[in-house]
Amino acid sequence: MALSACVLIVTKDRKDLAHRAVESARGQRDVERVLVIDDGSSDATHEELAQAFPDVDVIRSPSSRGSIVQRNLGTELAGTDVVVGLDDDAYFTDEDVVATALAAFSDPRVGAVALTNGGPPQRSAAREGFLLAPAFVGCGYAVRREVFMALAGFREHLVAYGEERDFCLRLIDAGYVISQVPAALVVHEPAEARSWHRIAKLSRRNDILHVWQNVPLPYAPLHLLGVIGGGLKIGLSTGSLRWQLEGFAAGVRDCVIWSTGPQP
């Protein structure tokens with residue numbers, strides 16, 4: 001039985017980039033649905049996309065809730081066997097990207113497919129030609145929807161930056177693998193309008209939370225030292241040391257709060 005697929009795009013205040021992403025998604029073979037969630041844009045993204053693409057489902061959130069929340073919601077609403085996530089500042093390289101991902105899901109062990117190169121793939125001993133990846137990158141990926149929902153999706157308290165590796169660890173722990181195609185099938189061209197302060201702070205915060213939530217105690221201290229050292233190195237080389245330290249402090253604060261209260 002053929003698997004059904006939905007391309008999910010979450011966007012906010014990037015209507016021109018989102019237009020390119022949606023056009024790319026509409027050109028895919030073997031796609032049952034293209035779903036766009038507008039995360040409370042103020043630049044008429046919803047109206048313009050809905051008018052330009054009447055065959056695309058465009059849903060506008062009344063307020064901005066963040067990309068993780070909207071990705072979880074979109075995956076729930078997709079209603080297909082497989083959900084292909086595409087950033088609004090990314091696009092597919094050709095019309096067969098989704099078809100390639102669906103072919104990988106023919107193996108029941110595959111819970112997700114990485115559509116961008118996040119590092120050299122590892123050849124599995126299970127069968128010749130089966131490529132594995134340790135994780136996928138959020139700008140281009142595919143997930144088996146029922147597995148994603150069973151694992152409660154991305155952890156929303158992470159807000160952004162790092163939710164994929166956290167999910168992939170839980171996916172692997174549940175007995176699934178992440179397949180990686182030999183070449184990148186999604187091109188990511190990061191939007192220029194970005195808050196590097198926000199990126200640095202959330203990344204370092206989530207590094208701390210990642211250790212707290214996922215690394216066993218015998219290894220956690222050494223892993224934590226590596227995380228802190230890496231963040232300090234980035235801060236010194238980019239002139240963002242203060243932002244890195246703010247992120248580490250936020251991570252420690254949240255660990256203390258959640259250690260003494262309800263888990264997030």
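A residue is termed buried under 20% relative accessible area, exposed over 50% and partly exposed in between (1.4 Å probe, protein chains only). The model is predicted, so that local features need pLDDT of at least 70 and side-chain atom pairs count only at pLDDT 80 or more, while totals for chains, interfaces and linings use all residues. Residues are numbered from 1 along each chain as its sequence is written, and side-chain values use heavy atoms, with hydrogens and water left out.

Strand β9 (residues 140–144) has 5 of its 5 residues buried; strands are DSSP runs (E, at least two residues), numbered from the N terminus. G140, A142 and R144 point one way from β9, and Y141 and V143 the other.

Aromatic rings of Phe, Tyr and Trp (its six-membered ring) pair if their centres lie within 6.5 Å; planes under 30 degrees apart count as stacked, over 60 as edge-to-face and the rest as tilted. The whole structure holds 8 such pairs. The F136 and F167 pair is tilted, because the ring centres are 6.2 Å apart and the planes stand at 50°. F136 counts as buried at 4% relative accessibility, and F167 at 1%. The Y141 and F154 rings, with centres 6.2 Å apart and planes at 80°, form an edge-to-face pair. Ring pairs link F136, Y141, F148, F154 and F167 into a cluster.

Key: Helices (H or I, at least four residues) and strands (E, at least two) are DSSP runs, numbered from the N terminus.
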